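Subject: Structure handover

Hi,

Here is the structure for your files. My notes on it follow below.

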Amino acid sequence: MQIIQPHYHAIARTAQDYEKMAMSGVVAVCEPAFWAGFDRKYAGTFVDYFRQISEFEPTRAADYGIRHFSWVAMNPKEAENTTLSHEVLEQMPQFFQNPNVIGVGEIGFHKTTRNEEEIFQAQVEMAVQHHQLILIHTPHLGDKVRGTKRTLEVLAGLNVDPERVWIDHVEEHTVKAPLDAGYWVGFTLYPITKCTPKRAVDMIEMYGRERLLVNSSADWGPSDPFTLQECVMELRRRGHSVQDAIEIFHNNPCHFLGQSPKWDIKPVRLEEIEVERPVLTPR
Ligand SMILES: [Zn+2]
């Protein structure tokens, strides 16, 4: 079973996580730029952070045979500081030349403020201008519905191709609108907040597996890279095939990320080598 972690904050994780992921089928991770847990003071700090995720982190992943791609962005939380944000935005285009950088993300809303919206919109426009993919974070539960609604309104007013936009951290009450509008959606599986493997499979059974990316985020907070493997087991227990799991956990990321010319991992079909496997029963 080959798995891609399309949203993974590797700098917050250990080498042992890479090793165990490699042993459990992970072939690639994609690292968006996000909040470090404290507000940074200088644009230069972001530049070094972008270098870390686009130049150094791929070498750490390569030690375990895992491909590493990255996104650059001013994250939604620090976007409240518009002066700093514009300084950071000026530095971003140079990273689009990096062979591992596939887009602009994660951007979007944290508290759905006017300042956040200004920086969100500027980054969407930059991504379109530089032919970059777009990864959008949606806010935590207190503001998720309002923030998702406003995200869709802002996008509708800009010249974006929905096929090249991924709206992440959707839950039961926010999944339908982005899908109906033609965007990709992401389920983020966390041990305590956001979504669980079982709820993710419920949503897959309700809405199908098209334009869907499942991720573990796996950052410096309570998170677990192996929630994806848990989700694969849950799918199998409900009678979905291994190829169904591959479509969701490997091939869907290849279809979305493959819109970037830098992404060269191809979808796989296991039918030819499929062996008889025991039927799993639901727990
Ligand atoms: Zn993230």
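First, a term for what follows: two residues are in contact if their C-beta atoms, placed from the backbone, lie within 7 Å. Helices (H or I, at least four residues) and strands (E, at least two) are DSSP runs, numbered from the N terminus. This is a predicted model, in which local features need pLDDT of at least 70, side-chain atom pairs count only at pLDDT 80 or more, and totals for chains, interfaces and linings use all residues. Residues are numbered from 1 along each chain as its sequence is written.

The sheet

Eight strands make an open sheet, with parallel pairing. Their order is β1-β2-β3-β4-β5-β6-β7-β8. Two strands pair if DSSP finds at least two bridges between them. β1 (3–5) and β8 (212–215) sit at the edges with a single partner strand each, so one side of each has no neighbour in the sheet. On average, neighbouring strands are turned by 25 degrees against each other, direction ignored. Axes here are lines fitted to C-alpha atoms, for helices over the stretch in contact, and angles run from 0 to 180 degrees between N-to-C directions.

Now some of the pairs. β2 (residues 26–31) and β3 (residues 67–72) run parallel and share four bridges. Cys30 has Phe69 in β3 as its bridge partner. Three bridges link β3 to β4, again parallel. There, Trp71 stands opposite Gly103 in β4. Further along, β5 (residues 133–137) and β6 (residues 165–168) are joined in parallel by four bridges. Ile134 faces Val165 in β6.

The core

A residue is buried if 20 or more other C-beta atoms lie within 10 Å of its own, exposed if 12 or fewer, and partly exposed in between; C-beta atoms are placed from the backbone. A nonpolar core is a set of buried Ala, Val, Leu, Ile, Met, Phe, Trp, Tyr and Cys residues joined through C-beta atoms within 7 Å. The largest such core has 72 residues. Those with the most contacts inside it are Trp71, Val72, Ile134, Trp166, Ala200, Val214 and Phe249. Helix α9 (residues 242–257) gives the most to this core, with six residues.

Strand β3 is mostly covered, with five of its six residues buried.

Ile107 is another residue to look at. Ile107 belongs to strand β4 (residues 101–108). With 28 other C-beta atoms within 10 Å, Ile107 is buried. Leaving aside neighbours within four places in sequence, Ile107 touches Ala73, Pro76, Phe120, Gln123, Ile136 and His137. The C-alpha atoms of Ile107 and Phe120 are 6.0 Å apart, although 13 residues separate the two along the chain.

The helices

The axes of α3 (residues 82–91) and α4 (residues 114–129) come within 10 Å and cross at roughly 10 degrees. The two are therefore roughly parallel; angles under 35 degrees count as such, over 145 as roughly antiparallel, 65 to 115 as roughly perpendicular and the rest as oblique. Thr82, Ser85 and Leu89 in α3 meet residues of α4, including Asn115, Ile119 and Met126.

In α8 (residues 227–237), the buried residues include Thr227, Leu228, Cys231, Val232 and Leu235. The buried residues of α8 pack against β1, α7 (197–207), β8 and α9. Just after α8, Gly239 has a positive phi of about 95 degrees.

Most residues other than glycine have a negative phi, and most peptide bonds are trans.

- A cis peptide bond joins Gly105 and Glu106, with omega about -5 degrees. Glu106 lies in β4.
- Thr112 is not a glycine, yet has a positive phi of about 60 degrees. Thr112 is in the loop between β4 and α4 and is buried, with 20 other C-beta atoms within 10 Å.
- His131, also not a glycine, has a positive phi of about 55 degrees. His131 is in the loop between α4 and β5 and is exposed, with 12 other C-beta atoms within 10 Å.

Best wishes
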